[in-house]
Amino acid sequence: MQQDKNLELFCTKIFVFKFTNKEIEPLINEVLLKKEEIKKRSLVFSNHGGVGDYYSDYNNPIQLHEYEKLMYSMVNRFNTFNVFEYWTAFYNKNSVHDTHKHANFLNGGTNNFSSILYLSAIGGTTFHSPNLTSMEDQFDLPSEVGKFIIFPSNLLHKGENYHDGERIIISSNIQLC
């Protein structure tokens, strides 16, 4: 894996990495094998903020061994890198996970960053500026297979897919130092 260029947005650093096709393919295969189970959990436990044909195992995530391997490879890039939780989401055409943030410090949580790993090149993520003096109000980041982004948990963002095809991501809450 090579590190892609980092983005400086809204005076906020977003770390951008890119897993190779060889590194990401086993995870994509595992997710697709578990797709129906993820979809079933989404129907039982709630689609967590999605609109349209969107589903996620957020409230009862399925373990993904290949994802855990990839996250383990990130450990040596930071002084502290702890993944607290992760979940998978599928967005079909005209699906949106509306604007939200992941910060949970009020409930005693210690995750200070969140991440998105794109498993398809469909749709994207929109980040909203927390800085009223920023030159940009928002930034649209298109999905790209293998792109892994880490951003502050309190940064407002939304995910969407207005294209034919399925947008697949894995999100997580992490502690990073």
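User: Before we look at residues, what does buried mean here?
Analyst: Buried means under 20% relative accessible area. Over 50% is exposed, and partly exposed lies in between. Keep in mind that this is a predicted model.

User: OK. Is glycine 159 buried or exposed?
Analyst: Glycine 159 has 4% relative accessibility, so it counts as buried.

User: Where is glycine 159 found?
Analyst: In strand β12, which covers residues 157-161.

User: And what does glycine 159 touch?
Analyst: Leaving out residues up to four places away in sequence, glycine 159 touches Tyr91, Ser95, Val96, His97, Gly124 and Arg167.

User: How far apart are the C-alpha atoms of glycine 159 and aspartate 140?
Analyst: They are separated by 9.7 Å. Along the chain, the two residues are 19 apart.

User: Asparagine 161 next. Which strand does it lie in?
Analyst: Asparagine 161 lies in strand β12. Its relative accessible area is 0%, so it is buried.

User: What is asparagine 161 in contact with?
Analyst: Setting aside neighbours within four places in sequence, its contacts include Tyr91, Asn92, Lys93, Asn94 and Ser95. Ile122, Gly123, Glu166 and Arg167 are also in contact with asparagine 161.

User: You listed Asn94. Where does asparagine 94 lie?
Analyst: In the loop between β6 and β7, where β7 is 95-100. Asparagine 94 has 46% relative accessibility, so it counts as partly exposed.

User: What about phi of asparagine 94?
Analyst: Phi is near 65 degrees. That is a positive value in a residue other than glycine. Most residues other than glycine have a negative phi.

User: Switching to threonine 125. Buried or exposed?
Analyst: Threonine 125 is buried, at a relative accessible area of 2%. This residue lies in strand β9, residues 124-128.

User: What does threonine 125 touch?
Analyst: Not counting residues up to four places away in sequence, threonine 125 touches Ile116, Tyr118, Phe139, Asp140 and Leu141, as well as His157, Lys158 and Arg167.

User: And the C-alpha separation of threonine 125 and tyrosine 58?
Analyst: 18 Å, for residues 67 apart along the chain.

User: New topic: helix α3. Which of its residues are buried?
Analyst: Tyr67, Leu70 and Met71 are the buried residues of α3, which runs over residues 65-72. Seen down the helix axis, these buried residues fall within an arc of 100 degrees, so they line one face of α3.

User: What is exposed on the other side of α3?
Analyst: Lys69 and Tyr72.

User: What covers the buried residues of α3?
Analyst: The cover includes α1 (21-33), β6 (81-91), β8 (113-118), β11 (147-152) and β13 (167-176).

User: Zooming out, how many helices and strands are there?
Analyst: Three helices and 13 strands. The radius of gyration is 15 Å, close to the 16 Å that the globule rule gives for 177 residues, so the protein is as compact as a globular protein of that length.

User: What does the C-alpha trace span along its principal axes?
Analyst: About 45 × 35 × 35 Å.

User: How much of the protein is buried?
Analyst: Buried residues make up 49% of the 177 residues.

User: Last one: how many positive and negative side chains?
Analyst: 16 positive and 20 negative. The centres of the two sets lie 2 Å apart.

Terms used:
Residues are numbered from 1 along each chain as its sequence is written. This is a predicted model: local features need pLDDT of at least 70, side-chain atom pairs count only at pLDDT 80 or more; totals for chains, interfaces and linings use all residues. Side-chain values use heavy atoms; hydrogens and water are left out. Buried means under 20% relative accessible area, exposed over 50%, partly exposed in between (1.4 Å probe, protein chains only). Helices (H or I, at least four residues) and strands (E, at least two) are DSSP runs, numbered from the N terminus. The arc is that of the directions from the helix axis to the C-beta atoms. Contact means heavy atoms within 4.5 Å. The radius of gyration is taken over C-alpha atoms; the globule rule is 2.2 Å times the number of residues to the power 0.38. Lys and Arg count as positive and Asp and Glu as negative; His and the chain ends are not counted. The place of a charge is taken as NZ of Lys, CZ of Arg, CG of Asp or CD of Glu.
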